Every structure is written in structure tokens, then in C-alpha cells.
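Please consult the sequence and the structure while reading.

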Amino acid sequence: MSHSGNPDKATHEIGRIYDAITDKSILIDFFLQTLLQLVPSSRGYLFLAGPDKQLWLESATFTPKEASAVLLGAAQTAFDDGKPSAEKGLLFLPLIAGNASVGLACLERAAAFTSRETETGFNLASEFSGALKNILLFEENLKMERLAAIGQTTAMLVHEIKNILQLAKFSDEMIRMGVNEKNPKFIATGLGKLEKTLKDMDGFIWEVAGLSKDYQLEPEDVDVPALLQELGEDLAERAGALSVKLDCAAEKDFPVVRGDGRSLYRALLNLVKNAFEAFKDKPDAWIRVRARVTGPETYEITVEDNGCGMPEEVRARLFEAFFSTKGKRGTGLGLMVVSRTVKMHGGVVTVESRPGIGTKFTLVLPRFFSR
Ligand SMILES: Nc1ncnc2c1ncn2[C@@H]1O[C@H](COP(=O)(O)OP(=O)(O)OP(=O)(O)O)[C@@H](O)[C@H]1O
Ligand SMILES: [Mg+2]
């Protein structure tokens, strides 16, 4: 391809090819290639932005695909400005489709970029943005379809309820047998199973209810240390089986706070479950859940693990519905429920994660919460 004669005409032709591509990663790679051809550079980066307007590096023309924190910062600034800009061997091209900014392309080379090159690059970026937006819309529609599929999920829910019911029947039989034969061991086992049944049921209802649009919290006095202790006890067996050292504790003299204890418990359960799933036969695996007061009106609960951590592109999308890297094993709703719960409490969730080192979720919550 030689388009050096008339870049504008070339841009338009290439734009038609963009429109014909239906695969996101192919489109992105083709865009970067064509961009580098029209505006010769040593490196090309492509950043995308989520609903929170935070950029992540989606692709690059070199390996390993990495952007330094400084570059990411500069890219974010250029993205927020929404205009193409060139400075010291860097060219930033915001990707704007209609009135939505979907990301930013960046070129890097030793020599400065001319204004003509900036213009050519921006025109090409605009063609690309339109095509990309269509693919993203298509993905969004897929998500909506999945949401609709929740209707079908009812069958799955019924299945789950049946499982719990089985456990309840079993408990019932054990207790009856114990009473009939005056055998306290049977009674104790039955009652133990019954307790587990009720807890499963409670958790299950919470999880389903938490997804519904008009779910409301029920504020009460919450004994956070007791909540963490319960969490540790409920998961002790699982931690043992996975050889993970699970340690749940609140700081000394932690005060009573207001909140919805059950939903906070489920949120923490989801976080710890994720942490369990972040270890791949790692020796010395640990998970720490901590609670501490951070101010006259706030407290925080942290869930930290030394598991696999996650790359930036995962971190940026964590709280999206149906975002999961676990294939069939994950529905990608766990963290969405966590963030909803925290938001409904008027709090915020933050996450720090480093691949290969571990992950830390921090829930900052108000101590005095009223609906
Ligand atoms: N502690 C963690 N360490 C590493 N990656 C994590 C951690 N917590 C979450 N993730 C990543 O975030 C993704 C989304 O988590 P989320 O809990 O929402 O869904 P899921 O665990 O995949 O499925 P499920 O709906 O069953 O919880 C996970 O697929 C995983 O890639
Ligand atoms: Mg999960």
C-alpha cells in the first residue's frame, strides 16, 4: 500500500475497510498498522476507556505491550482534554465517535510531529472511532441479551433451590431419626445441617435479590468483628482444603457501626471467594481481611491476598456486569454485587493489584448509615 501521495483520500479508503471489520482486536491492530504507515513512528499505543473515563492499554505495536505510568498519565490528560496534541515526540489522538470518547491512540518517535501529520492522524483516528464504536455497541447489545437471558436463568435458580431443599430434607430426616431413636448424635448432626441449609438459603436469596433493581438495604447495628469472625469460621474448611491461610480480624475496640450486616457479609464473602480463586498452587498463600476505623465517620474493610493479581485491562473492567476471566466457572456478577452493596451504603470500593504479587480491595464505608 502506498498512500503517501494523498493522505486524505487514503484515510477515507482505509475508513471503508475499517467499517467492514467485525472483530475488535483485528480492527484495532489494523488501525495501528495503517496509522503507523501514514504517520511513520517507532511505536503505536491504543488505549480504551470505560464508563469511568479511565484509560487502559488495550494494544500496542510492540511487545511486551506496556505503557509506563508517565505515558499513561500523559495519555489520560490528553484524553480528558479531548483534542489531538503533539509534544516532544509523542502524538495523542483522542478517539471520538459521535459525542462519545472511546479511547486514545498514541504515537511515539524521536522527531517531533508536524501539524499536517497530526491532522492526518486525527482523521484516520476518527474513521477508526466510528468503526470501533459500532463494534462496542454490538458488544453492549450482547450484554443486554445476556441480561435478558437472566429470564432463562430462572431454571438454574430453581435447580439451586432444589439443592438447598435436598439438604433441608436430609436435616429433617436426621432430626426425626434422632428423636425417634433418642439418639442425640443424629439430632446434633441434623441441626448442624439445618443451620447450614438456612445459611445457604439466606445467602442465595441475598445474591438474587441484590441483583434486582429495587433492592433496598436494611440498616441495623452491625458488629463488624463478629461478622469477620463468622466469615473466617464459615470459610475455614475451604481455606484448609486449599492450604490458604485465611485471617479475618477487626482492630481492637472496633465500634458498632450502622449498615446492612447480611449484605456486607455477602460482599466480603464474594471478595474472599475471588481471592481463593486467585491462587494457582501457590505456596504460602494467604488472605487477610481487616477492619479499622479511619475517621470520625468512616471505617474501612480490606480484603488482601497474595494471589495472581491482575493486569490493568482486567482491573479497569472489574465491576462490569458479566465481566469474568474464568470462562464457564464465573458469571462475572460477584464484584458487581460488591460495588452495588458498597455504593448503596454510601461508600466506595478501590482496588490495588499487581500481577504475580497480589490484590487488595478496600471498602471505605460510613460508620453512621441511614437509608
Ligand atoms: N482477588 C483477585 N485476584 C485476581 N483477580 C481477581 C480477584 N478478584 C477478582 N478478580 C478478577 O475479576 C474478575 C471479576 O470478578 P467477579 O467476582 O465479578 O466475577 P467472577 O469471580 O469471574 O465470577 P462470579 O460471578 O462467579 O463471582 C474475575 O474473573 C477475575 O479475573
Ligand atoms: Mg467472583
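## The shell around the ligand

In this predicted model, H8, helix H10 (334-344) and strand E12 (358-366) each supply at least two residues of the shell around ligand 1. Helices (H or I, at least four residues) and strands (E, at least two) are DSSP runs, numbered from the N terminus.

Of the 21 residues around ligand 1, those that come nearest are Asn274, Ser324, Thr325, Lys326 and Thr331; a residue is near if one of its heavy atoms lies within 4 Å. The shell divides into 9 nonpolar, 9 polar and 3 charged residues. Ala, Val, Leu, Ile, Met, Phe, Trp, Tyr, Cys and Pro count as nonpolar, Asp, Glu, Lys and Arg as charged, and the others, Gly among them, as polar.

## Polar contacts

A polar contact is a pair of N or O atoms within 3.5 Å. An oxygen atom of ligand 1 lies 2.8 Å from a polar side-chain atom of Asn274. Nitrogen atoms of the ligand take part as well: one is 2.9 Å from a side-chain N or O atom of Asp305, and a polar side-chain atom of Thr359 lies 3.4 Å from a nitrogen atom of ligand 1. The protein covers 91% of the 600 Å² of accessible area that ligand 1 has on its own (Shrake-Rupley method, 1.4 Å probe).

## Helices H7 and H8

The axes (lines fitted to C-alpha atoms over the stretch in contact, with angles from 0 to 180 degrees between N-to-C directions) of H7 (residues 224-241) and H8 (residues 261-276) come within 10 Å and cross at roughly 35°. The residues of their contact (heavy atoms within 4.5 Å) divide into 11 nonpolar, 1 polar and 5 charged.

## Conventions

Residues are numbered from 1 along each chain as its sequence is written, while chains are lettered from A and ligands numbered from 1 in the order in which they are written. Local features need pLDDT of at least 70, side-chain atom pairs count only at pLDDT 80 or more, and totals for chains, interfaces and linings use all residues, while side-chain values use heavy atoms, with hydrogens and water left out.

Terms used: Polar contact = N/O pair within 3.5 Å; in protein donor to acceptor, adjacent residues only side chain to side chain.
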